[in-house]
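Subject: Structure handover

Hello,

Here is the structure I promised to pass on. Please open it first, then read my notes below.

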Amino acid sequence: MVDRVLGFEEALAEVLRQAATLAMPRGAERVTLSEAAGRVLATAVRAGRDQPPFHRSTRDGFAVRAADVGRALRVVGSVKAGEVWRGAALGEDETIEIMTGAPLPEGADAVVMVEHVAIQGGVLTVQAGRGVRAGENVVPRGAEARAGDTLLPVGRLLGAAEIAVAASCGYAELEVFARPRVAIVATGDELVELPGSVHPTHGDETAMDGAPGGSGSAMSGPPGGLLGDAKIYNSNSYALAALVRAEGGVAGRLEIARDTHDDVWERIAQGSMWDLLLLSGGVSMGKFDLVEEVLAEFDAEFFFTGALIQPGKPIVFGRLPKRGGTAHPQDGPWTGEWTYFFGLPGNPVSTQVCFHLFVAPLLRALAGCTDVAPQFVEAKLAEDVRGGAKVTRFLPAEMISAWEGVTVRVVGWQGSGDVAANARGNCYCVLPAGVESFAKGETVRVLLR
Ligand code: AMP
Ligand code: MG
């Protein structure tokens, strides 16, 4: 097995390169528009007709011929939204009352706002200095979209804005990509599963995160004190499942793998049947860190075996050949498909940072998204920060986005095992390698989460 430790930017480029080579996700399904938020579009949304479908008034007021404004105009009728003016075309020195959203009557070329006119005895005069240009307060037919135009391309993540477009075009259902199925495996002898947790087997979705369930019993306070000394609850599987779901995947939390060759082997065999396998723990230099060596037994191809980042340095990324057959699929012939995997360092902050930096882009690509790169913004440091690290650091931090600007404050922490400090932050402050110190007011990058 080769050691391949990359700088941060190289490692990210490697993930993005893999993401770009992925074929479109296998399946697509139809969902109603109300179920479409968070899904990725598999068939483009097109305008069935011009939008707007008529010259649309954007104001309550009076439809006029712009050239006539300045003279007394005779009010010859009224048209509201949802109606078409059926009378004669607007003639010289005539005007028609019109409401926002109504089609402009034939012959008119502008709308004067109701606030800018005076009417007496059915005669309208526009206030002095309130002339209108032809086209004012009107959106011409087809100005927003032409019939047949693609308004939402394949691969677009659907949010409220996209759903509004689909609804405006009359789509009651959309074709979206199947969600990628992500197996999550925590490793470690110290880990204890939360009470009542169940684990999915392949093809059985009842124990997937997001399936209905819950004990319904009321919480009386923190449970605590249930564990033997030296044991900790498995928090990574739950954090990863939440992150997977937020990125459009379906998460299956498999049973914890103990730090034995056979247990890790079993779990990888199981996880290799899914679209993506996320392992946590067991990738460092410890005597019981077995994940890489067992992955190699499955003929894994490793794209990198570490990244120069902190936290998260021991991360491994690669893919496993998916094998066919039913009883012992890992012995069968290669199906031509791959299961991507990440071996994430077990410290919970490392796990989460690595997810945002590397897993999320690949997962978005598996989900069929075209826009996959992690998002960074710039912010000003609220306080001095010591630097001097040899690797790029991603420190839990609190970003405050105010009208005056965006500032970021690194939160105090006890290192990458400190889940509580991580939750006090809302982002990660990026500190480049090799810089001795960062001064208050300096601009730094921030990784959004
Ligand atoms: P490892 O990467 O296996 O060496 O683990 C590094 C640290 O992360 C150790 O302190 C582990 O106890 C902790 N850790 C590993 N896996 C988990 C997990 N699933 N949930 C919470 N902490 C974990
Ligand atoms: Mg471990």
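Which residue in strand 7 stands opposite Gly61? The residue is Ile98. Please keep in mind that this is a predicted model.

**Strand 7 and its neighbours**

Start with strand 7, which covers residues 94-98. Strand 5 and strand 7 run antiparallel, with three bridges between them. Strand 6 and strand 7 run parallel, with five bridges. One of the residue pairs there is Ser78 with Glu97, its bridge partner in strand 7.

How enclosed is strand 7 by the rest of the structure? It is largely enclosed, because four of its five residues are buried.

**Salt bridges**

Next, the charged side chains. Side chains of opposite charge can pair when their charged atoms come close. The structure has 21 salt bridges. I picked out three of them.

Glu92 sits in the loop between strand 6 and strand 7, while Arg71 sits in the loop between strand 5 and strand 6. The pair therefore ties together parts that are 21 residues apart in sequence. Arg71 is partly exposed, at 36%.

The next pair is Glu247 and Arg364. Here the N to O distance is 2.9 Å. Glu247 lies in the loop between helix 3 (236-246) and strand 17 (250-253). Arg364 lies in helix 6, which spans residues 348-366. Glu247 is partly exposed, with a relative accessible area of 22%. Arg364 is buried, at 14%. The cut-off for buried is under 20%, so Arg364 falls below it.

The last pair is Arg267 and Asp263. Their side chains meet at 4.0 Å, N to O. Both residues are in helix 4 (residues 261-271). Why are they separated by about one helical turn? Because they are four residues apart in that helix. Arg267 is buried, with 9% relative accessibility.

Some salt bridges share partners. Through them, Arg65, Asp68, Arg71, Glu92 and Asp93 join into one network.

**Ligand 1**

Now turn to ligand 1. How many residues are around it? There are 17. Those that come nearest are Glu190, Asn234, Ser235, Gly282 and Gly346. By class, the shell has ten polar, five nonpolar and two charged residues.

- Ser235: a polar backbone atom is 3.1 Å from a nitrogen atom of ligand 1.
- Gly282: a polar backbone atom is 2.9 Å from an oxygen atom of ligand 1.
- Gly346: a backbone N or O atom is 2.9 Å from an oxygen atom of ligand 1.

How much of ligand 1 does the protein bury? Taken alone, ligand 1 exposes 480 Å², and the protein buries 77% of that.

Best wishes

How values were computed. Residues are numbered from 1 along each chain as its sequence is written. Chains are lettered from A and ligands numbered from 1 in the order in which they are written. This is a predicted model: local features need pLDDT of at least 70, side-chain atom pairs count only at pLDDT 80 or more; totals for chains, interfaces and linings use all residues. Side-chain values use heavy atoms; hydrogens and water are left out. A residue is near a molecule or strand if one of its heavy atoms lies within 4 Å of it. A polar contact is a pair of N or O atoms within 3.5 Å; within protein, one must be able to donate a hydrogen and the other to accept it, and residues adjacent in sequence count only if both atoms are side-chain atoms. Accessible areas come from the Shrake-Rupley method with a 1.4 Å probe; for residues, only the protein chains shown count as cover. Ala, Val, Leu, Ile, Met, Phe, Trp, Tyr, Cys and Pro count as nonpolar, Asp, Glu, Lys and Arg as charged, and the others, Gly among them, as polar. Helices (H or I, at least four residues) and strands (E, at least two) are DSSP runs, numbered from the N terminus. Buried means under 20% relative accessible area, exposed over 50%, partly exposed in between (1.4 Å probe, protein chains only). Two strands pair if DSSP finds at least two bridges between them.
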